[in-house]
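Please read this briefing alongside the sequence and the 3D view.

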Amino acid sequence: MDRGTSEKERGTLARTKTQYVCQACGHVEIKWMGRCPGCGEWNTMVEETIAAPSKSLPVSGARMQPQPIQSIPAQTEQRIHTGLTECDFVLGGGVVPGSLVLIGGDPGIGKSTLLLQLSNSIASQKKRVLYVSGEESASQIKLRAERLGTVQEELYVLAETDLDLVVEAAAQLQPDFLIIDSIQTVFRPSLTSAPGSVAQVRECTGVLLRVAKSQNIATFIVGHVTKDGALAGPRMLEHMVDAVLYFEGERHHMYRVLRAVKNRFGSTNELAVFEMHDNGLREVSNPSLLFLSERQTIVPGSAVVAAMEGRRPLLLEVQALVAPTGFGTPRRMATGADYARVSMLLAVLERRLGLQVQASDAYVNVAGGVRVDEPAVDLGIALALVSSHRDRPLTQGDIYMGEVGLTGEVRNVTRLAERLREAQKLGFKRCLIPAGQTVSETFSGLEIVPVQSLQDAMQKAF
């Protein structure tokens, strides 16, 4: 150390230390390690320089006192409609002022396109919107906005990655909506770690949370996802925000799905379907009709099931293919369905019904790129596998609802009336449901057929 270094500088250097932080889970170690002890990922430990916190903490604001819950006045949030009906549905009826919403999705899936359309719709309602982009220039955003449609006067664009400058611009502009694209590109100069690191993402999200709550600004932030499909950065990021939305779909297909997995102001697991075109995203008001539009009715291995996505029933086509294997070990593949449940259904079919599938490959696919995890589609998947194995199509106009147990029984499903209502609306003639459930409503034109087991369902389905 230089002799001319002042005592104050020597004290500052003495308080500075380094640590290694995992960029996948946020685990901290005092030395570098090839594999993170927290999550088991390799080569994710990055060195970060931190300063010791000050001993004296400033006290600001009045101290809150505990109060009885009955004396707290009840307030109903005033939601603001986004101009996109499907987006409002996923958010629970609109955007709540002061809320912080996180939108994640694969690269190139259309997150920026969705948010720019959302910004245009909100700005057309005379609401001021500040769109902050750390990945594109202002001229690029202008070109995309012109391609998507009209350019609104109340839409302001800022190409900046310094979060302090963004907060200062938001304080001057006083927008109703603030959009950050993306959280991995913005940074705070006071932190020495690189943009996108765990420390930067956590600190920047905390600053945006305070801005949203203190200034009553509805804030949307874009988050990148990892190769496993989870949001990049610390898991704490999802706990800090009010809502988490996933924008899913295949880049080579036109359909996109916006799914809510967390929402403090509405129901979770809601789903909205969009269609990608040259001029942007279009809303799909009837997703069931869209997913069944390309279905071939009389073909072996095809069945229609009713799945619930939040409050919305979806009618989907389940396709199955059972073919003799050319290898020693048969293959089992499931796309859009739970692999473990498909394997269980194959075991039940072989053990309870005598279906010889131990020497056959089995493939199950949910058409349309939608993923279904609920057990209510078990009956449709099982009958589709039987149909493919026997090379006999199921009865035209049938739909199947029911969970299959290990003994071959068909068990009850939730919200049966809503599923039946959707099937009646799309013109289905007959529905196989669990025998243990009763339907109080009458559905004209839709025959309700109760089944007790897979054997009973096979006799009535063919």
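## Briefing on the predicted model

Strand E10 is largely enclosed by the rest of the structure, because 8 of its 9 residues are buried. The model is predicted. E10 is part of an open sheet of 9 strands, and E10 also supplies the largest share of the lining of the largest pocket, 4 residues.

**The sheet**

- The strand order is E6-E5-E7-E8-E4-E9-E10-E11-E12, and the pairing is mixed.
- Strand E6 (155–159) and strand E12 (280–284) are the edge strands, each pairing on one side only.
- On average, neighbouring strands of this sheet are turned by 25° against each other, with direction ignored.
- Strands of a sheet pair through backbone hydrogen bonds, in either a parallel or an antiparallel way.

**E10 and the strands beside it**

- On one side, E10 pairs with E9 in the antiparallel sense over 6 bridges.
- Within that pairing, Phe 247 has Leu 258 in E10 as its bridge partner.
- E10 (residues 255–263) also pairs with strand E11 (residues 271–277), again in the antiparallel sense, over 5 bridges.

- Helix H3 (residues 111–123) lies across several strands, including strand E4 (100–105), strand E5 (129–133), strand E7 (177–181) and strand E8 (218–223).
- H3 runs at about 160° to E5.

**The largest pocket**

- How is empty space found in a model? Rolling a probe the size of a water molecule over the atoms shows where such space is left.
- The largest pocket has a volume of about 1200 Å³.
- Its lining is made up of 40 residues.
- Glu 248, Gly 368, Gly 369, Val 370 and Arg 371 are the lining residues nearest the centre of the pocket.
- Elements that each supply at least two lining residues include E9, E10, helix H8 (287–291) and strand E13 (302–309).
- Strand E14 (312–324) and strand E16 (360–366) also each supply at least two residues of this lining.

**Cysteines**

- How many disulfides does a search of the whole structure find? The search finds 0.
- The sulfur of Cys 204 is too far from other cysteine sulfurs for a bond, because the closest one, in Cys 22, is 19 Å away. A disulfide needs the two sulfur atoms to be within 2.5 Å.
- Cys 204 is buried, with a relative accessible area of 0%.
- Cys 431 also counts as buried, at 0% relative accessibility.

**Backbone details**

- The peptide bond from Asp 181 to Ser 182 is cis, with omega near 10°.
- Ser 182 lies in the loop between E7 and H6.
- Asn 216 is not a glycine, yet has a positive phi of about 55°.
- Asn 216 is placed in the loop between H6 and E8 and counts as partly exposed, at 49% relative accessibility.
- Arg 415, a residue other than glycine, has a positive phi near 50°.
- Arg 415 sits in the loop between strand E19 (410–411) and helix H11 (416–425), and at 36% relative accessibility Arg 415 counts as partly exposed.

Conventions
Residues numbered from 1 in each chain as written. Predicted model: local features only at pLDDT ≥ 70, side-chain atom pairs only at ≥ 80, totals over all residues. Heavy atoms only, no water. Buried < 20%, exposed > 50% of the residue type's maximum accessible area, 1.4 Å probe, protein only. Pairing = 2+ DSSP bridges. Axes fitted to C-alpha atoms, helices over the stretch in contact; angles between N-to-C directions. Contact = heavy atoms within 4.5 Å. 1 Å grid on protein atoms, 1.4 Å probe; cavity = no way out; pocket = protein on both sides within 12 Å on 5 of 7 lines; lining within 4 Å. Points joined across faces, edges and corners; volume = space filled by probe spheres on them.
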